[in-house]
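Hello,

Here is the structure I promised to pass on. Please open it alongside this note, which goes through what turned up.

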Amino acid sequence: MKEEFQQKIEQSETRIFKAVFPSDTNHYHTMFGGMAMQLMDEVAFIAATRFTRKVVVTVSSDRIDFKMPIPAGSIIELIARVVKIGRTSLDVKVDIFVENMYAEERHKAISGTFTFVALDENKKPCSIL
Ligand SMILES: CC(C)(COP(=O)(O)OP(=O)(O)OC[C@H]1O[C@@H](n2cnc3c(N)ncnc32)[C@H](O)[C@@H]1OP(=O)(O)O)[C@@H](O)C(=O)NCCC(=O)NCCS
């Protein structure tokens with residue numbers, strides 16, 4: 001990644017915290033995967049928007065790894081960071097860390113990468129820079 005982008009990447013890194021309540025969970029009392037993916041797309045979208053300051057849409061998500069379950073009653077932190085810059089597209093990696101509410105315990109639970117495309121006023125791909 002070129003050095004000129006490093007500052008923009010740092011500035012656009014986006015973090016969201018959320019308490020995982022029973023209404024966020026599945027039949028197994030762990031966070032529902034679809035809800036995790038929605039939050040990941042949202043925080044990645046915010047990072048992509050803050051990096052480009054243009055209209056962006058999600059075009060793809062390569063792969064999402066669910067490494068650890070997230071129990072109800074946890075705190076999660078999502079961290080989104082631009083990891084690849086193309087001409088009209090950019091990739092944003094999202095990690096979700098899970099924390100125990102009542103202990104100093106933190107693990108990476110989910111990771112995934114989302115690709116966004118910048119669109120012009122005619123809804124056509126345009127340069128992200
Ligand atoms: C985004 C959209 C306008 C792109 O149209 P397109 O004809 O595929 O555009 P292009 O082929 O010119 O590709 C544009 C860029 O996207 C990238 N791209 C396109 N499809 C991709 C895919 N499946 N995965 C990763 N990158 C992709 C291309 O590599 C290119 O990147 P670059 O300019 O950095 O090299 C179109 O696919 C679209 O409208 N999709 C729906 C988006 C949407 O509604 N998202 C919300 C989710 S419901």
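**Helix 2 and its two sides**

Gly34 and Gln38 are exposed, on the face of helix 2 turned away from its buried side. Bear in mind that this is a predicted model.

Which residues of helix 2 are buried? They are Ala36, Met40, Val43, Ala44, Ala47, Ala48, Phe51 and Thr52.

Just after helix 2 comes Arg53, with a positive phi of about 55 degrees.

**The chain as a whole**

The chain has two helices and five strands. Along the sequence they follow the pattern α-β-α-β-β-β-β. The C-alpha trace spans about 45 × 30 × 20 Å along its principal axes.

Of the 129 residues, 26% count as buried. Now take the contacts in the chain with a separation of 6 or more: 69% of them are accounted for by residues 24 or more positions apart.

**Around the ligand**

Which residues are around the ligand? They are Val57, Thr58, Val59, Ser60, Gly86, Arg87, Thr88, Ser89, Thr115, Val117 and Pro125. By type, the shell divides into four nonpolar, six polar and one charged.

Strand 2 (55–66) and strand 5 (106–119) each supply at least two residues of this shell. Strand 2 gives the most, with four residues.

**Asp95**

One more residue to look at is Asp95, which is in strand 4. Asp95 has 16 C-beta neighbours inside 10 Å, so it counts as partly exposed; a buried residue would need 20 or more.

What does Asp95 touch, not counting residues up to four places away in sequence? It touches Ile79, Lys108 and Ser111. Arg81 is 14 residues from Asp95 along the chain, and their C-alpha atoms are separated by 8.9 Å.

Best wishes

How values were computed:
Residues numbered from 1 in each chain as written. Predicted model: local features only at pLDDT ≥ 70, side-chain atom pairs only at ≥ 80, totals over all residues. Near = placed C-beta within 6 Å. Nonpolar A, V, L, I, M, F, W, Y, C, P; charged D, E, K, R; others polar. Buried ≥ 20, exposed ≤ 12 C-beta atoms within 10 Å, placed from the backbone. Contact = placed C-beta atoms within 7 Å.
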